[in-house]
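Colleague: Please put the model on the screen, and then let us go through the words used to describe it, one at a time.

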Amino acid sequence: MGKFDVLVIGGGVVGSAIARELSRYRLTIGVLEKNLDVCYETSGRNSGVVHGGFAYDTGTLKAKLCVEGNRGMGQLSEELGFAFKRCGKVLVGKTAEDFEQLKRTIAQGERNGATNLRLLNKQELHDLIPTAVGEFAMFSENSGIVDPFGCTVALAENAAQNGVTYFFDNEVTAIERGKDDWKITTNHGTYETRWVINSAGLGCGKISDMLGIKGYHVIGSKGDYIILDQRMGELLPMPIYPVPSNTYMGIHVTNTTDGNVIIGPNAETVTDFSYYGVPQRNMDYLAESASEIWPYIKKADYIRNYSGILPKWVDDNGVIQDFKIEIRPELAPNAVNLVGMESPALTAAVPIGRMVVGMIKEYETLEENPSFDPHRKGIIRFSEQDDETKAKLIAEDPDYGELICRCEKVTKAEILQAIHNPLGVHTMVGIKYRTRSMMGRCQGGYCQMRIAKMIEEELGVKPEDIRYARKNSWVFTGEVRKEEA
Amino acid sequence: MEKRDVVIVGGGPAGLAAAAELYRKGVKDVLIVEREKTMGGILRQCIHDGFGLTRFGTTLSGPEYAQRFIDEVKEYGIPYMVNATVLNVSPDKVVTVATTEGLRKIQAKAVILTMGCRERTRGALGIPGERPAGVFTAGVAQAYMNLYNRMIGKEVVILGSGDIGMIMARRLTLEGAHVQAVFEIQPIPSGLPRNIEQCLNDYNIPLYLSHTITEIHGNERVTGVTVSEVDEHMKPIPGTEKDYACDTVILSVGLIPENELSIDAGVVLDPRTRGAVVDEYFQTEKEGFFAAGNVLHVHDLVDFVSLEAEKLADGVAKYVAEGVLPECPITIRTDKSVNHTVPQKISGKQDVNVSLRVNRKFENCTVVLKQGGTVIAKKAMKKALPAEMIQIPLKKDALVGTEEIEVSVVC
């Protein structure tokens, strides 16, 4: 199945950021992803918050890489064309104990190198966010929100444009150390590579074991979320969090880059990393709990729910550990092993990528790739343009004048660009992530038929081969009636 | 800027009927804006019959019913645009339309809002469980099968006894799928009795009242659902869970008037209907904006949509001619037996038809309209169901002053 200099296992935000950083050098790089697209697991199932770096113990990789990632997010979003807003965030408190905890959090943040952290009194909090409930708050001006799909897809597409090959539907089943290379077997065959990177997210423990680095205990922390209608976004200029404990951020309300509001997550320890169901009691609990800090949650505004699972590496006492990013030459030469890449890995993805490259450089000299281009032109969103630009877009490409998704006002031109995406993804959810079609209040009631038909026509896919998201997520059994000859 | 007396947003049954009636009343500077490739709205996918009994005295399929109005519009030469999506209607009635030829802005004297409705989704209901492929709203299933010739599954469970859900139960059965059951959370069906007979009973499809889906299973495609019985507060009763293996779930759990454009234009909505508050001229609280059909309140039969839109044309014609409509100071209030009325306000200067829906099932009852203590209109009914729209004529001579009117059901 081909020979590579580096194979990255896992095409999430971390794997894609590593692949993109590696593509700055003359290397043959592949990414093995078990799903049909990037971002199907933890990278796409989270709060989308760009963290400030104050919540982690000083001296940890989480603290260091998060602060770095936060600092670089503005430039990254400009280079890659994904949505990012440095809107700030608050942690609201009520009790004297909360107040002390917030003071400690600020002190820790400052030690970590996080800047622009300050306490607000009740009036200042109210002036900043009239809808927030709290006696006082901590304000992190540098925090922000990002479109997690947009960010991951952008990193992956830019990596692909710089020569990285993505192999979807490739789940690693065995890893074998050859004489001076690795043989990595998936459901589609065996790939040979000099270097292997374990950025398998929820599968990190399994892959680590396969590499011969045994013993990491990885648990899942599952969190459920509710998404509210875009009209509610007007009432939330930035995320509102409760005062955190050491291990858990608490149920928060977050604005999204698209103007929705998300509520969550709770935190349940799970061992099944494939179950993403949301139970009724959790939805009720989320709404009740978040109403204490933002009392505007009504069932009439629900448009969807989802959940995500964070891979947490714990020690024998169950204590959550820092990110582990290591090369263990005695056990697994030429392998970079990443374990427990949970929050804040979305914020920290690019610094993680740079760190991985730095570690490889300790073993060999990497030659720069002169044609590397850090820029990626994303899909221009019609709905975000002023009338003059809209008219110009239609004049240049009449498909911009044909609306396919009514809620998010996504045009045919955008859907076509998404169908012909650089990664070759052709699931319906792939189109959704790239354009926001089917994500609005009607949840695809108006546009999904058109999109399915466009996938069939543009890519020559048979109806029964259309996939919603995952491998066996068929949408149609076929045609209702065959056309008469 | 391009100017029009009237811009009609949406070329479905309401928009078409309004346009044709306006023409007959002499209002000809009208433009219909339709986002689909052809006019007709949701009727295009309703290939079953049963339309037109009230309006035409004969039974037609959805496309046939729509075609009668489309033919009229074309015969009259009323201007229309298809493949044209209204992006925005400003409070001062500038309509911005996206077309493949460019962005078009039209200044209207009057705007008619006839955008119809959308379906309530799984996410809006918050049905617990996983999110596999194979969960369709009934209208999406209908569009896939009837407009796109795509078969959507083999083993089907339906949640909600809305009319489209029942019609799809029959349609899926006729195309070889196995529909196991219809589950309805309410103690009474939400769709019309005739659809229960013709779409469920005729095909031996069981309808379970006071039941709901409490979990959807499947990581890729639907593999099954868990169904529970509910108590009188519609809360699932623990211990009553039953699993059904299926690959498809159809939702027919309600329709929501599609008022996004109306809200941005400054039109005030009635939380009970989720449509605009209107007076007897079908003018909203925002002057010059009119609404009729399912964007105003969800109807049971399209015939009433057409009739309502034709009535709206009276008001719009008067508004275009005179620039103003009489005040409507008399409000209509409902007690808890009645969900809502349309209109919500009247002038008292002409006879009107009051449309309403009851909140629960009543037998041998009378719907009564009162002003102060005086009964001003009533309608005796053997049976009143929330599924059916009730219409009551109200004579102007019966009114006693401008006090508010109260509507209630008495048994």
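Modeller: Let me begin with accessible areas, which come from the Shrake-Rupley method with a 1.4 Å probe, where for residues only the protein chains shown count as cover. In those terms chain A exposes about 19000 Å², with carbon and sulfur atoms supplying 48% of it, and the accessible surface of chain B comes to about 15900 Å², with 50% belonging to carbon and sulfur atoms. This is a predicted model, in which local features need pLDDT of at least 70 and side-chain atom pairs count only at pLDDT 80 or more, while totals for chains, interfaces and linings use all residues. Residues are numbered from 1 along each chain as its sequence is written, chains are lettered from A and ligands numbered from 1 in the order in which they are written, and side-chain values use heavy atoms, leaving out hydrogens and water.

Colleague: How do you know how many helices and strands there are in chain A?

Modeller: Helices (H or I, at least four residues) and strands (E, at least two) are DSSP runs, numbered from the N terminus. Chain A has 12 helices and 23 strands, and chain B has 9 helices and 30 strands.

Colleague: What makes chain B as compact as a globular protein of its length?

Modeller: The radius of gyration, taken over C-alpha atoms, is set against the globule rule, 2.2 Å times the number of residues to the power 0.38. For the 411 residues of chain B the rule gives 22 Å and the model has 22 Å, so the chain is as compact as a globular protein of that length. For the 485 residues of chain A, a compact globule would have a value near 23 Å, and chain A agrees with its 23 Å. Along the principal axes, the C-alpha trace of chain A spans about 70 × 65 × 45 Å, and that of chain B about 65 × 60 × 40 Å.

Colleague: Why is helix H1 of chain A called largely enclosed by the rest of the structure?

Modeller: A residue is buried under 20% relative accessible area, exposed over 50% and partly exposed in between (1.4 Å probe, protein chains only). In helix H1 (residues 13-22) of chain A, 10 of the 10 residues are buried, and the helix is therefore largely enclosed; among them are A:Arg20 and A:Glu21. Over the whole chains, 63% of the 485 residues of chain A count as buried, and 59% of the 411 residues of chain B.

Colleague: Why is A:His51 called buried, and which residues does A:His51 touch?

Modeller: Its relative accessible area is 10%, so A:His51 is buried, although A:His51 lies in the loop between strand S3 (49-50) and helix H2 (61-80) of chain A. Contact means heavy atoms within 4.5 Å, and, not counting residues up to four places away in sequence, the residues that A:His51 touches include A:Tyr56, A:Cys66, A:Lys89, A:Tyr241 and A:Thr347.

Colleague: How do you know that the peptide bond from A:Gly264 to A:Pro265 is cis?

Modeller: Its omega is near -5°, and A:Pro265 is found in the loop between strand S16 (261-264) and strand S17 (268-270) of chain A. The bond from B:Val342 to B:Pro343 is cis too, with omega near 0°, and B:Pro343 lies in the loop between strand S24 (338-342) and strand S25 (345-346) of chain B.
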